[in-house]
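Me: I'd like to go through this chain with you, starting with the overall layout and then moving to details.

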Amino acid sequence: MSGQVLNRGTEARMTPQRQSVLRVLADLPGPSTANAIHHLLRAGGGQIGLTTVYRHLASLAEESIIGITQDGAGRHLFHLRTDSHGHYLTCVRCGLTVGVDTTPVARWAAETAASHGFTGIRMSVNLAGLCVQCRSDPLGGVTAANGPPR
């Protein structure tokens, strides 16, 4: 999806700033914080404030164009939704994210809902734990050189 961002029939106007936020999200390898997205936009020459980034992220989430998960510190992580409705496993210490297939969970949720007469089910899956590197590092990735985890 890198480099190609479409307006999926949203109600909001596709402004240059909104388009820039979507491009950054499309180029990221996984979920990211609003601060990191803002930093990337500014590093790319964009003149956009953090409040504006948050406003765009909130409207994109409301329109289900992007998804939100949380890391171990409770920070919101934003990612561009794909047709496959991506989910991620996030390391609570370093923030590493890995895409995972939650099709079996979605199937279970739909079957459970149907067995109780429910329709139009919405599902939120938040998978978090310690990655291999953090499990084997007693300092949790913190060194004098790199400071605390992101």
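Me: How many helices and strands are there in the chain?

Reply: The secondary structure comes to 5 helices and 5 strands, where helices (H or I, at least four residues) and strands (E, at least two) are DSSP runs numbered from the N terminus. Along the sequence the pattern reads α-α-α-β-β-β-β-α-β-α. This is a predicted model, in which local features need pLDDT of at least 70 and side-chain atom pairs count only at pLDDT 80 or more, while totals for chains, interfaces and linings use all residues. Residues are numbered from 1 along each chain as its sequence is written, and side-chain values use heavy atoms, with hydrogens and water left out.

Me: What share of the residues counts as buried?

Reply: Of the 150 residues, 32% count as buried, and buried here means under 20% relative accessible area, with exposed over 50% and partly exposed in between (1.4 Å probe, protein chains only).

Me: OK, and the largest nonpolar core, which residues touch the most other members?

Reply: Those are Leu-25, Ile-37, Leu-57 and Ile-66, out of 17 residues in that core. Helices H1 (16-27), H2 (34-43) and H3 (50-62) and strand E2 (76-80) are the elements giving two or more residues to this core, and the largest share, 5 residues, comes from H1. A nonpolar core is a set of buried Ala, Val, Leu, Ile, Met, Phe, Trp, Tyr and Cys residues joined through side-chain atoms within 4.5 Å.

Me: Staying with Ile-66, what does it touch?

Reply: Not counting residues up to four places away in sequence, Ile-66 touches Leu-25, Leu-57, Leu-60, Ala-61, Phe-78, His-79, Leu-80 and Arg-81, a contact being heavy atoms within 4.5 Å.

Me: Now the helix packing: at what angle do H2 and H3 cross?

Reply: Their axes come within 10 Å and cross at roughly 120 degrees, with axes being lines fitted to C-alpha atoms, for helices over the stretch in contact, and angles running from 0 to 180 degrees between N-to-C directions. From H2 the contact uses Ala-34, Asn-35, Ile-37, His-38 and Leu-41, and from H3 it uses Leu-50, Val-53, Tyr-54 and Leu-57.

Me: What about Tyr-88, buried or exposed?

Reply: Tyr-88 is buried, with a relative accessible area of 17%, and lies in strand E3 (residues 87-91). Apart from neighbours within four places in sequence, Tyr-88 is in contact with several residues, including Gly-30, Pro-31, His-79 and Leu-127. From Tyr-88 to Gly-30 the separation is 58 residues in sequence and 7.9 Å in space, C-alpha to C-alpha.

Me: Last one: which residue takes a positive phi just after H4?

Reply: Gly-117 does, at about 80 degrees.
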